[in-house]
Amino acid sequence: MSSPHNQFEDENEDLVEEEYLQEGEFEEVEVPDLDEGEPMDDDEDDDEEGAEGSYDGIDLRPTGEGEETMELADDSVQGFFDHREPVYAVAMHPTSNGIIVSGGGDDKSYLWRCDTGEMLKMLDGHTDSVTSVAFSCDGKYVASGGMDGKVRVWNAETGDFCVAVDGPDEVIWIDWHPKGNILLAGATDSTIWMWAIPSGKFMNIFNGHAGPVTAGRFTPDGKKIVSVSEDASFIVWDPKSAAAEFRLTSDDARFHADPISSVSVNKDSTLAVTGDVAGKARLVNINNGQIVASLENHTDSVETSSFCDVLPLAATGSVDGNVSIWDVQTQRLRATLAHDDAVVKVKFVKNSPMLATCSADRSIKMWDARTGQCVKTWVGHRDTVLDIAVADDGNVVVSASDDGTALVFSM
């Protein structure tokens, strides 16, 4: 495997190291302790109005012409409606946030504009649902991963097809290297695969899990890969050698005993949060493989997590309908935020304390993680919101839903 390793080094040796906030440089911000389960201000306002409701999965609200006249509640400013099957994944172009890719149960992905809803290119070729989509770090390429075990790549600028790679069973997730055109995919058959793009050259396979690799990614510095599995294991990998640098399993009584469903990594590539189906989360030091803390505030599966770039905060989202905000320095719970149904995704806005969340309650919310206050709630979907993409400035959120649509919301 010497040539793939050399290729990896050649493609990445000129990449410039990013600068990260050091632990001592975090701005101290006072965050009030919020009681778990206490309704947010927005919820209280909704209760006082008492006029909004839903009918057959459709949100309704007064028109302003009288309490007896209702209209469809839809806060979206634009939408994309060509999938007509559940939309499982959505991503924004990294340099032109106005270009969106979405993939769904129609076995297709689409490139489209979020300002007009105009379809730019249909990206087809899968024979089963598209479960994940992603742009390369510079936005030159766009990839989709499907339940057919295929990963397909296009030139995002021209829409021209580049390459199809396979090897895994059903693809659960894909991730691009943060500084180069290297693509990673995790699968149900317990493997992770890595290819060079656009050639499609196979680079490495990562074997070490004993169950589906439910989540994984390159670390932001590009020097490691982290992955978690239904076998309750967490592995830190060397991308060049495909060797496991650290491994945590249920053999350690302090770690997860149940299948792990999610993982996220902080900006400086030192910490990871893992979440399992029993509602437990763990804070792990990626550099030494040590468990830093147990983060336990949920009663059901932790499906998603995210780190804040500018404050020592992390968020976990659960099927129990709650989002927990954790201080990763003190390992204490700072706030509990509530949706009306399962939380599907949480994502911090880049270089901001603002947190976007989506839920099976059909809503998308924007929170200030410093105070725990909900600053915006958007509705418009008729079914579970399965994924969100957030613009770098936090002013635009694009959502993907079980209702077959992708919607655009603006602050």
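View 1. The model shown here is predicted, so to speak of a local feature takes pLDDT of at least 70, side-chain atom pairs count only at pLDDT 80 or more, and totals for chains, interfaces and linings use all residues. Residues are numbered from 1 along each chain as its sequence is written, and side-chain values use heavy atoms, with hydrogens and water left out. Phe161 belongs to strand β12, residues 161-166. Strands (E, at least two residues) and helices (H or I, at least four) are DSSP runs, numbered from the N terminus. Which residues does Phe161 touch, leaving aside its neighbours within four places in sequence? They are Arg152, Val153 and Trp154, where a contact means heavy atoms within 4.5 Å. Tyr141 is 20 residues away from Phe161 along the chain, and 9.7 Å separates their C-alpha atoms.

**View 2. The whole protein, for orientation.** Before the next close-ups, here is the overall picture. The secondary structure comes to two helices and 35 strands. Of the 411 residues, 55% are buried. Take the contacts in the protein with a separation of 6 or more: 45% of them are between residues 24 or more positions apart. The protein exposes about 17,000 Å², and carbon and sulfur atoms supply 42% of that area; accessible areas come from the Shrake-Rupley method with a 1.4 Å probe, and for residues only the protein chains shown count as cover.

**View 3. The sheet β13-β14-β15-β16.** Four strands form an open sheet in the order β13-β14-β15-β16, with antiparallel pairing; two strands pair if DSSP finds at least two bridges between them. At the edges are β13 and β16, each pairing on one side only. From one strand to the next, the twist averages 20°, with axes taken as lines fitted to C-alpha atoms (for helices over the stretch in contact) and angles running from 0 to 180 degrees between N-to-C directions. Is strand β13 mostly covered or mostly open? Strand β13 (residues 171-176) is mostly covered, with five of its six residues buried.

View 4. Look for Val171, whose bridge partner in β14 is Ala187, and for Asp175, which stands opposite Leu184 in β14. As a viewing tip, side chains in a regular strand alternate between the two faces of the sheet.

**View 5. A cis peptide bond at Pro198.** Ile197 and Pro198 are joined by a cis peptide bond, with omega about 15°. Where is Pro198 found? Pro198 lies in the loop between β15 (191-196) and β16 (201-207).

**View 6. Two loop residues with positive phi.** Most residues other than glycine have a negative phi, and most peptide bonds are trans. Ser269 has a phi near 60°, a positive value in a residue other than glycine. Ser269 is placed in the loop between β21 (260-265) and β22 (271-276), and is buried at a relative accessible area of 3%. Arg362 also has a positive phi, near 80°. The loop between β30 (354-359) and β31 (364-368) holds Arg362, which is buried with a relative accessible area of 16%.

**View 7. The sheet β25-β26-β27-β28.** This open sheet has four strands in the order β25-β26-β27-β28, with antiparallel pairing. Each of β25 (302-307) and β28 (332-338) has a single partner strand, so one side of each is left without a neighbour in the sheet. The twist averages 20° from one strand to the next. Inside the sheet, β26 (residues 313-318) and β27 (residues 322-327) pair in the antiparallel sense over five bridges. Thr316 stands opposite Ser324 in β27.

**View 8. Two cysteines.** How many disulfides does a search of the whole structure find? The search finds zero, a disulfide being a pair of cysteine sulfur atoms within 2.5 Å. Cys137 is partly exposed at 31% relative accessibility, whereas Cys374 is buried, with a relative accessible area of 7%.

Key. Buried < 20%, exposed > 50% of the residue type's maximum accessible area, 1.4 Å probe, protein only.
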